[in-house]
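Reader: I'm new to protein models and I'd like to learn how to read one. Could you walk me through it, feature by feature?

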Amino acid sequence: MRAGGGGGDIYCFPPAFSFATSTRESAPGILTAATIANSDTKESVVFLSIFKKAGFFVARLTNQGVGMTGESPIAAIFKENADYYEIHENLYKANARLQDRDMLSLLDNLLARNEPKNSLIVLHTYGSHTTFEDRYDEPTFSPTCKDIQFDCGGEHYKNSYDNTIAATDYYLSEVMKKFRDKNAVLIYTSDHGTRLSGFKMHAPNQMDDPDLRFVPIFVWFSPKFERKELIAKMRQNLDKNISRDIIFHSLLSAGGIDAEIKDENLDIFSPKLKPHSDPYLRRSCANFARTQMIFYDFRRDSREEKAFFVALALALR
Ligand SMILES: [Zn+2]
């Protein structure tokens, strides 16, 4: 547990099993009740629709999507369910460098509306997706891929990646500051992992590769978060191995929404949360989990090989 950018507490779970190993498959997975074992996202409920029915204001801000159009496998889901939808202008510019810090002005615009309802805000960010050099301005770590002329690898490549994590840390700390005076909780995860050694590019459907399967999940509560009993319940689950499957059900709990579809076995705020048993990756991730833990405070000695992707923020009235 560490203090977040705006005060409040951050709780990290051991790295969680991803839904899939590519953005195209994982992104819809994050938004729906589909699970790793039962992965048909097309037939699955999206959590946005449930929040909307429960009276929430639902928003999506993003700098992700196909260049010049903003389209993506999940754009239609948001168009159908969100009350507010904004794509960063850089997505419409050829060769723009897409950086998550650009999302902060979109968030400012949204918060300035001062919506009277409870809000679900999906901050759908670019994270550490390649090309790493485009995700940050000034390097914290060097030498990077910019410093060599030919095919980048080894330490250069890792330094470039680490710089993307430093940029993510900055972005997240700023997001937390914007919510510190609100009754808010933020759940953060990524769509899939990535490799920093060996083959740089990965092919989809490599569900048995731990580098591609383990993703961060952490939860931040603002100092003003009111339902302290939820925090107490979640703390009892922090040593359990979880998967991306928890996002849907845990978000409902965080939002105080009771729905028939909710499964307490997949709810980090329930004592019934069951440790994940993965159908593809059967070896224990216990050691891996302990050595790979960083999320918020960037620490050089615990590099995480993950592409950050989605932050989900709930601001409750
Ligand atoms: Zn991705």
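Reader: Let's begin with the strands. In which sense do S4 and S6 pair, parallel or antiparallel?

Author: This is a predicted model, so we're reading computed features here. S4 and S6 run in the parallel sense, paired over 6 bridges. To follow a pairing, look up who sits across from whom: Phe-57 stands opposite Ser-119 in S6, and Leu-61 has Leu-123 as its bridge partner in S6.

Reader: And which strand does S4 pair with over 4 bridges?

Author: That's S5 (residues 84–87), again in the parallel sense, with S4 covering residues 57–62. On the way from S4 to S5 the chain passes through helix H3 (residues 75–81), and this β-α-β crossover is right-handed. On the S5 side, Ala-59 stands opposite Tyr-84, while Leu-61 has Glu-86 as its bridge partner.

Reader: How many residues of S4 are buried?

Author: Count neighbours to judge that: a residue is called buried if 20 or more other C-beta atoms lie within 10 Å of its own. In S4, 6 of its 6 residues pass, so the strand is mostly covered.

Reader: Why is S6 described as largely enclosed by the rest of the structure?

Author: Because 6 of the 6 residues of S6 are buried. From S6, Ser-119, Ile-121 and Leu-123 point one way, with Leu-120, Val-122 and His-124 pointing the other way, and all of them are buried.

Reader: What about Pro-116, buried or exposed?

Author: Pro-116 counts as exposed, because it has 8 C-beta neighbours inside 10 Å. You'll find Pro-116 in the loop between helix H4 (103–112) and strand S6 (119–124). Here's another thing to read off: Pro-116 and Phe-56 are 60 residues apart in sequence, yet their C-alpha atoms are 9.7 Å apart in space.

Reader: On to helices. How do I describe two that pack together?

Author: Two packed helices are described by the angle between their axes and the distance between those axes. Take H4 and helix H5 (residues 154–179): they pack at an angle of about 10°, and their axes are 10 Å apart. That angle makes H4 roughly parallel to H5.

Reader: Which residues of H4 meet H5?

Author: They are Met-103, Leu-104, Leu-107 and Leu-111, and they meet Tyr-171, Glu-174, Val-175 and Lys-178 in H5. As background, an α-helix has 3.6 residues a turn, so residues three or four places apart point the same way.

Reader: Is H8 mostly covered or mostly exposed?

Author: Helix H8 (residues 246–254) is mostly covered, with 9 of its 9 residues buried. Among them are Phe-248, His-249 and Leu-252. Just after H8, Gly-256 takes a positive phi of about 70°.

Reader: Last one: where in the chain is confidence lowest, and where is it highest?

Author: Where pLDDT is low, the predicted coordinates should not be read in detail. Here, helix H9 (residues 286–291) has the lowest confidence, with a mean of 36, and helix H7 (residues 228–235) the highest, at 96. Over residues 284–311, pLDDT stays under 50. For the chain, the mean pLDDT is 83, and 84% of the residues reach 70 or more.

Technical notes
Residues numbered from 1 in each chain as written. Predicted model: local features only at pLDDT ≥ 70, side-chain atom pairs only at ≥ 80, totals over all residues. Buried ≥ 20, exposed ≤ 12 C-beta atoms within 10 Å, placed from the backbone. Helix = DSSP H or I, 4+ residues; strand = E, 2+ residues; numbered from the N terminus. pLDDT = per-residue confidence, 0-100. Contact = placed C-beta atoms within 7 Å. Pairing = 2+ DSSP bridges. Right-handed = clockwise from strand over helix to strand, strands pointing away. Axes fitted to C-alpha atoms, helices over the stretch in contact; angles between N-to-C directions. Parallel < 35°, antiparallel > 145°, perpendicular 65-115°, else oblique.
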